[in-house]
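Visitor: Could you show me how to read helix packing and charged pairs in a model like this one?
Guide: Gladly; let us open the structure and go through it together.

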Amino acid sequence: MSTETGTATGRDASRIHNIGYRSYDGPRLGRAYARRSLFSQTLRGSYGLGRSAKSKVLPMLLFGVMALVAAILVAVSMATPDASKLVVKYTSYAIYLQAVIGLFIAAQAPQAVSRDLRFKSIPLYFSRPIERSDYVLAKFAATASALFILTGAPLLILYVGSLLAKFDFVDQTKWFGQGLVSVALLSVLFAGLGLVMAALTPRRGFGVAAVIALLTITYGAVSTVQAIAWETGSEGAVQWLGLFSPITLIDGVQAAFLGATSAFPGGEGPGAGTGVVYLIVVLALVAGSYAVLMRRYRRAGL
């Protein structure tokens with residue numbers, strides 16, 4: 001009797017209640033849509049769009065500095081008597097403004113990845129059709145695109161200003177194209193390195209410090225040793241020392257293949273042969289950054 005009563009009570013306790021959820025019969029947008037959405041969200045977030053007003057201050061300020069300096073250089077070029085070209089080369093602009101670019105990637109790379117790690121939302125992403133490679137590609141592409149906007153917009157201002165000043169159209173177009181190739185390579189390299197450093201820790205402050213250290217300390221150290229090598233007569237070592245800093249890598253590639261004037265001591269950048277080594281190192285760093293991010297999110301997604 002008690003057994004029958006217990007069974008009946010168990011059946012009553014295991015009822016299924018309809019709480020009103022409805023099935024979804026609409027289209028399934030799939031991985032491609034999720035990847036595009038993640039790319040768009042990250043790119044917009046890099047400039048504070050869709051976020052609080054405080055989040056917009058730094059990226060917009062840095063973008064404004066990049067654009068304002070370009071506009072001033074255009075005005076100076078127009079005001080210079082008998083000027084036939086801009087006072088700065090397109091390929092040199094990012095080298096001169098590297099501190100601004102470094103601050104931007106140091107601030108925005110952690111914003112792109114650290115919050116997901118800190119709040120442990122990565123498994124939620126991977127519970128959907130999106131896969132690890134989709135997440136990494138979207139974040140990588142969005143960060144590189146944000147950097148390309150930051151570095152490419154000033155070059156566009158320089159180009160438009162040069163045409164308004166009636167400088168030679170063919171030369172300016174050629175140099176403008178070389179500048180775009182240079183900043184595109186810089187954007188991909190800096191995005192990969194910045195994301196790797198930021199993804200190592202869920203703490204945004206540590207990520208910012210790590211990115212700044214990677215970009216500034218390596219450049220300062222390499223530039224110092226290059227100057228010492230030049231002063232002591234070891235000119236041949238200068239170009240090889242440039243392989244150990246991200247910004248000098250870009251300097252070397254554009255000096256070798258894009259007709260740029262090198263910022264190395266003495267203004268002598270690597271030749272075409274050494275430039276191939278520079279290019280291989282840049283591509284290896286980009287591919288290595290992607291591989292490290294894939295490995296990082298293999299663990300984070302568990």
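Predicted model: local features only at pLDDT ≥ 70, side-chain atom pairs only at ≥ 80, totals over all residues.

Visitor: Which side chains form a salt bridge with Asp134?
Guide: The general idea is that side chains of opposite charge can pair when their charged atoms come close. Here, Arg35 is a partner of Asp134, with 2.5 Å between the closest N and O atoms. Arg35 sits in helix α2 and Asp134 in helix α7, so this pair ties together parts 99 residues apart in sequence. Arg31 also meets Asp134 in a salt bridge, at 2.7 Å from N to O. Because Arg31 is in helix α2 and Asp134 in helix α7 (residues 132–164), that pair joins parts 103 residues apart in sequence.

Visitor: Are the two arginines buried, partly exposed or exposed?
Guide: Arg31 has 32% relative accessibility and therefore counts as partly exposed. Arg35, at 29%, counts as partly exposed too.

Visitor: Which residues are linked in a network of salt bridges?
Guide: The network links Arg31, Arg35, Glu131 and Asp134.

Visitor: How many salt bridges does a search of the whole structure find?
Guide: The search finds 4. One of the salt bridges pairs Lys139 with Asp116, whose closest N and O atoms are 3.7 Å apart. This pair links distant parts of the chain, with Lys139 in helix α7 and Asp116 in helix α5, 23 residues apart. Lys139 counts as buried, at 7% relative accessibility. Asp116 counts as buried as well, at 10%.

Visitor: Now for the helices: at what angle do the axes of α2 and α5 cross?
Guide: In general, two packed helices are described by the angle between their axes and the distance between the axes. For helix α2 (residues 30–46) and helix α5 (residues 98–118), the axes come within 10 Å and cross at roughly 140°. That angle makes α2 oblique to α5.

Visitor: Is the crossing left-handed or right-handed?
Guide: α2 passes α5 in a right-handed crossing.

Visitor: Which residues make the contact?
Guide: From α2 come Thr42, Gly45 and Ser46, while α5 contributes Phe104, Gln108, Gln111 and Ala112.

Visitor: How do the residues of that contact divide into nonpolar, polar and charged?
Guide: In the contact of α2 with α5, 2 are nonpolar, 5 are polar and none is charged.

Technical notes
Residues numbered from 1 in each chain as written. Heavy atoms only, no water. Axes fitted to C-alpha atoms, helices over the stretch in contact; angles between N-to-C directions. Helix = DSSP H or I, 4+ residues; strand = E, 2+ residues; numbered from the N terminus. Parallel < 35°, antiparallel > 145°, perpendicular 65-115°, else oblique. Left-handed = near helix turned anticlockwise from the far one by under 90°. Contact = heavy atoms within 4.5 Å. Nonpolar A, V, L, I, M, F, W, Y, C, P; charged D, E, K, R; others polar. Buried < 20%, exposed > 50% of the residue type's maximum accessible area, 1.4 Å probe, protein only.
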